[in-house]
Amino acid sequence: KNSAKAMEKELLTCSLQEKEKTAIDRSQIFQIPPRKDLETKVIVVLGKAGMGKSILIQKICQDWSNGEFSQFEFVFWFDCKQISLPEKQYSLKELLLEFFVKPQEGSKEIFEYILQNPAKVLLVFDGFKGLHDHENFPRCSASQPEKDLCSIKELLSGLIQKKILNGCTLLFTARPKDKLYQCMSKVDKTIEIVGFSPQQRELYITKYFEESPYCDSALKLIKECEYLFSHCYSPVMCRFVCFLCETVLEMGEKSLPSTLTEVFLKFFQQKIMLMQTDVTTTQNQESLATLARIAWCLGEKHQSTMKSDLLPPKDVKEFALKYGFFLPFALPRHSDSEEEEFGSAFSDFAIQNFLCALHLLLAEELKDKNLTKYLSFLSKKKKPYNWLDLMPRFLAGLMFLQDDPYFCSLSNEDAKQSTKKQKTLLKYIRRLQINTLCPERLLELLRCVYETQNNYLLQHVALRLEPDLSFLGIVLTPPDVHVLHSILKRSRKEFSLDLRNSGIDMQGLQALVSLRNVTSFRASLSDTVRLWKSLEQTKDNELLKASTEKFVLDPFKAKTMKDISDLSDLVEMQEKMMNCGQGASGCTRYEIPAIRNLRKLEFALGPACGLQGLLKLVKILAAFPSLQHLDLDALSENGIGDEGAKSLSEVFPTLTSLETLNLSQNKITDLGAENLATALPSLSSLRTLSLYNNNICDFGAENLAKVLPAMTSLRVLDVQYNKITGAGAQQLTDSLRKCPHMKNLVMWNPTIPYGVLEHLHQLDSRISV
C-alpha cells in the first residue's frame, strides 16, 4: 500500500508546455507498449468533475460502433454510481449480459466466448468515485468469480488483480483526488483531461449560440465577466454559463451574475419558478428543501445515487424528474420473474453541491455556529468535504444572497435569520488565523470569500495574507487564478509567489506577474520562457522587462533532463536579449537577474541520466556568475564517473564565485580525481570540497595532496568512504602541514587502519577520526 501511495505521488502536475507536448489523440488511448505475457491492461482517465470524462467514454463507444478500436469485439460500459448501490451482488455474467445488455438468445455461448477471448473485451467503469472506500478492497474469494455472486468491489478487485478475465482491457475514469492506491501499481497508462483552453472556451460558446439570434453578443457578454469565463474551462460549467447567458439575453438584461453561486441561484429560479401560482411556489419550495436534504444525506456518504423506492413522497420524485435534477435508470434483475427496480441519480455534480449548501442553510436543526464547520478551510485535524468540493463555496455565497429576490423565491427563510448567519461567518473569518492555513485551505478560503462578494471580508483576507505565498504542487485552475488575482490586487502588501507545479496557464501567469505588488515569483521554467517569448512577439517590452526582473530561480534543483533543457533555454533567451541589435525596432538589451543571482544549484538526475545531464549542464554553467554552491550528490546517486569529473573540471576557471562543491557518491576513481586536482586551484573561492563515498585510491589522494597548498581558500575537504590506504592518508597529512588555511580534513576510510588514523589525528588535530 505504501509503495502504491508513493506511485500516486508521482502523478505530478505538469507545466502547460508539457501538457501540450504529451497531448494524445483518442485513437492513442489504448496504445500500450507490447508485453510478453497476456495480462489485463489497466488504463485510468483522470479529470475533475465536469471535465468531460463521461462524454469521452461515450465518444469511444460511438467510435467503436463505427468500426474504430477493432481490437475489441465487446465493449461494456458501466456507470459506477449505478452499479455500486449497497447490498447489490452480481456474477460477472450478470454484470455483462444482464445489467449492460441482454442478448435475446445464446447468452451462455456468448459468455463462454468472452471467457476464452479476454483480449477482445474492453470493460469501462465510469466514475470510480462511486467506490470511494475501495482502499479497503476485499479480495475476491469466490471459487468461480465469473459465475458466483459477488459485491461489485469484489468483482472489480478480481479484475484489477487479474484473477477474473485476465487479458482484458480495463478503462477507469476517476477524479484526481479519488484514492486509487489499490490499483495504482497495476495501472499501465494514466491520462488526464485538463479542460478547455481559452480558445476552446470561445469555440464552445460560439457553437452553442451558432443558430441563436444572440450569437454575436453572447460571447462578448460572457468574456466581459472574467470570473465566469474562467469557469468555462470546465465543459459542464461552460454549459451552465451558456444556458444562463441565453436566459439573460432573452429577458433583455445586459449583465451576467458575478459569482458561481448567483449563476446557480438564477439557474434554479429559471428552471422552476416561471409561470407559477402562489400555491405551486410553496409546493416547489417544500419539494426543493426535501430534495436538498436528500442531496446532503447522499453527499455525506460520497454518493449521488439511490434506489427510487427510497425517495420520499411521490410529488418530490416527480418534481426532481420534471426539472431534470434527477435522472432514472434501471437496475439489473437476477431472474425474469424478479420485479424490475429503478434507481435515481443527480443529473450533475454541481447541482448536488448547490442543493447540499441550500440544505445546510435551510435546515432548522443546524445552529448558525455549526454552519462554519462545513467550510473546508478549517484546521488540518478537521476532515474537509473534498467530495463535495463546490459545496463550501455555494454555502458562503448563499449566506450573503439571502436577501436576493431569487433566493427568496426558492425559500421562505426569515430575513433576520439570514443576517444572523452572515454575522456568524464574518465573526468566524475575523478570528481565523489565516497565516497558519496550508496552501490548499488558504485557496479554499479565498474561493469562499470571493463568492460572498462582501467588501469587508475580501479586504480583511487580503490584508492578512502572508507576503510569501507558496502554491507549490497545488493545482491552480483558471477560476483560482482569477480569485487570487482579485484578492492580491486589494492588498497594500508586496508578495512573493511560488507557482511551480501548479499547472497555471499562460494567461493566469501573465495576470499574476503583471500585478504591481507581486515583486517576485517562481514558476515552471518552460512556461516562464514561453510567456516572455509571447510578450516579445506582442512587443509588450514594459511587462517583459518587469517580469524578468521579478523572476526568481535560486535555489534551483534539476531532477530531470527537461530541467536541464529548460535551464539551457533560459540561458539561450538571455543571450538573445544581450545580443539584441541596438538599432532594432522595439528591442531592449538587458540580462535576466535570476541568472545573475543563482547561488545554489542541485543536480539529482540519478544514474540513468546523470552523466548525460551533467555534460549538458557544464555547457551553460559559465552563465551563472554568482554560483556559490554546486551539489551533485543525490540519494539515487548521479554516477557521473570520471568522464563527468573531467568535463566539469574543464569549466572550473569560469566558476569564480563557487564556495561549495559536492561530488559525493559519483563513482569517481583515481583518473577522475587526477583531472579534478589539475583544475581545482582555479576555483579561487572554493571553501568546501566533498568527494565522500567515491572510488578514489592512493594515486588520487596523492594528486589531491599535491594541489592542497595551492587551494588557499579551501577550509574543508571530505574524502571519507573511498579506498585510500594508510599511504594515501600519510601523503594528505604531509600536505596538510603546508595548508594553515585548512580547518578540517575528513578521511576515515575502511581501508585505513584505525591505529594509523588515530596517529595522524594526534599529529594534526584538523584530521577527523
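Let's start with a cysteine: Cys 245 is buried, with a relative accessible area of 0%. Here, buried means under 20% relative accessible area, exposed means over 50%, and partly exposed lies in between (1.4 Å probe, protein chains only). Cys 448 is buried too, with a relative accessible area of 2%.

How many disulfides does the structure hold? There are 0, where a disulfide is a pair of cysteine sulfur atoms within 2.5 Å. For Cys 245, the closest cysteine sulfur is that of Cys 242, 7.0 Å away, which is too far for a bond.

## About the model

This is a predicted model, in which local features need pLDDT of at least 70, side-chain atom pairs count only at pLDDT 80 or more, and totals for chains, interfaces and linings use all residues. Residues are numbered from 1 along each chain as its sequence is written, and side-chain values use heavy atoms, leaving out hydrogens and water.

Now look at helix H12 (residues 235-250) and helix H16 (residues 349-362), which pack at an angle of about 75° with their axes 10 Å apart. Helices (H or I, at least four residues) are DSSP runs, numbered from the N terminus. Axes are lines fitted to C-alpha atoms, for helices over the stretch in contact, and angles run from 0 to 180 degrees between N-to-C directions. H12 and H16 are therefore roughly perpendicular to each other, a label for angles of 65 to 115 degrees.

Val 236, Met 237 and Phe 240 in H12 meet Phe 349, Ala 350 and Ile 351 in H16, with contact meaning heavy atoms within 4.5 Å.

## A covered helix

Finally, find helix H18 (residues 391-399): 9 of its 9 residues are buried. Among them are Arg 393, Phe 394 and Gly 397.

Methods:
Helices (H or I, at least four residues) and strands (E, at least two) are DSSP runs, numbered from the N terminus. Angles under 35 degrees count as roughly parallel, over 145 as roughly antiparallel, 65 to 115 as roughly perpendicular and the rest as oblique.
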